[in-house]
Amino acid sequence: MVSNPHLSAALTCVAIRRLLEGARARSDRRRRRLRRILARCQWQGRNGLYMQLNATAPILALYANPEACLKKDFRVKRSSVAYLVQMLSSPKDHGWGQDIEVLVLLYSLAHGLSLSVVSSAFGIPKSTVHRIIRHVSGKIKANLKTLISLPTADELPAIAGGFCQLANSPAFHHAAGAIDGCHIRIKPPGNEYHKDYINYKLFPSIQMQAICDSTGRFLDVFIGYPGSVHDARVLRNSPIFSQALFPPAGWFLLGDGGYPCLEKPVALLTPYKVPRGQVRARFHAHHARARSVVERAFGRMKTRWRATFFKALEVSPSFAPDIIACCAFLHNLCINMNDVLEDAEAFPPEDQDQNPPPAAAGGQESPGHHIRDRIAAQLSAPVQMAPHLREHDYI
């Protein structure tokens, strides 16, 4: 028997607390058991839908009609949607269904809408829309290299041939790609680092560095640096440069004046800073014709996936690189499916700039001015030598 009244009251409080914790644990177990029973009752078919979809929603009724065109609402053809669903599907998929989840992501990217608007369009809770976008974008990120990858040695001649056609000159027969940077608007973080995301155009952004081939297909993307970082610094911190991954020896990339002209570790040809004389002016004209394909690729991506074009991304800065990578992945998928967007060329690339900031000097880098001079000389040399020039030997 406890004689101390204070000790007795303390023991009573402990006993009551244990009883309350036990009751709370039993209530939690009962709630989880009821949820499992409800899930089993609502289980339908092989896809395992946990909840009923609102089939009367116009966007779902449109998708349910196999004759309806999806391009207006999803910016892609029905065959592209089916291909993406097949690529991302797995035996462990459950929930709303893989096709519905893909449609939610495509609809969000195509129109740049907030979660609440997408929720109303599909008749799905807002929290579920957020989870679906995270889930599907994670799957796309895991499959990124299936559509965005560096070309093999056997594919390089075809890419170079495309650049020769773009430049209208055979002097670019060793061009392996065009490189440029693109600013994607975001909502800056609400901390002391928000100023780092303000670019030289005075809006917050995240940088996307991309290398594309002569058709506008992305060969490599490097995403995540704040907008205030210079393009040349982004290049020097990318794996392409730091590990000298691409292009191989004997080949070169085409870039604008925001990059340095290099031979090593990455061969990169840029325009002359002062294009004086006909030789340099002619090089600039041919170089710009070939290099601008990467700017058009950015323009096509932004026009199709307007979440990256009209306004800031409705996601956190830490998640923004995943969304941008999804847009690049879908851009390549549409090229593979020959899914052409008619109004893609109506919107010029937002980041096109005739006078980009000059490139900063590098450290242990080998300049590529002699390569540029040689190509400029080839562009100005006559295609066929006049007969009277062959009458004597040159010393």
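Predicted model: local features only at pLDDT ≥ 70, side-chain atom pairs only at ≥ 80, totals over all residues.
**Overall make-up**

The protein contains 14 helices and seven strands. Of its 395 residues, 43% are buried. Among contacts with a separation of 6 or more, 69% are between residues 24 or more positions apart.

The table sets out the geometry of the two pairs.

| Helix pair | Residues | Angle between axes | Distance between axes |
|---|---|---|---|
| Helix 5 and helix 6 | 98-111 and 115-122 | about 130° | 10 Å |
| Helix 11 and helix 14 | 277-291 and 369-380 | roughly 95° | within 9 Å |

Angles of 65 to 115 degrees count as roughly perpendicular, and angles over 145 as roughly antiparallel. At about 130°, helix 5 and helix 6 are therefore oblique to each other. Helix 5 passes helix 6 in a right-handed crossing. On the helix 5 side, the contact is made by L103, V104, Y107 and S108, and on the helix 6 side by V118, A121 and F122. By type, the residues of this contact are six nonpolar, one polar and no charged.

The crossing of helix 11 and helix 14, at roughly 95°, falls in another class: these two helices are therefore roughly perpendicular to each other. Helix 11 contributes V279, R282, F283 and H286 to the contact, while helix 14 contributes R372, I375, A376, A377, L379 and S380. The residues of this contact divide into six nonpolar, two polar and two charged.

**Strand 1 and its partners**

Strand 1 spans residues 175-185 and is mostly covered, with 10 of its 11 residues buried. Strand 1 pairs with strand 2 (residues 205-212) in the antiparallel sense, over eight bridges.

Leaving aside residues up to four places away in sequence, S108 touches L113, V118, I133 and A307.

L341 is placed in a loop, between helix 13 (320-336) and strand 7 (366-367). With a relative accessibility of 9%, L341 also counts as buried. Again leaving aside residues up to four places away in sequence, L341 touches K71, R75, T303 and R304. One of these, R75, is 266 residues from L341 in sequence, yet the C-alpha atoms of the two are 7.5 Å apart in space.

How values were computed:
Residues numbered from 1 in each chain as written. Heavy atoms only, no water. Axes fitted to C-alpha atoms, helices over the stretch in contact; angles between N-to-C directions. Helix = DSSP H or I, 4+ residues; strand = E, 2+ residues; numbered from the N terminus. Parallel < 35°, antiparallel > 145°, perpendicular 65-115°, else oblique. Left-handed = near helix turned anticlockwise from the far one by under 90°. Contact = heavy atoms within 4.5 Å. Nonpolar A, V, L, I, M, F, W, Y, C, P; charged D, E, K, R; others polar. Buried < 20%, exposed > 50% of the residue type's maximum accessible area, 1.4 Å probe, protein only. Pairing = 2+ DSSP bridges.
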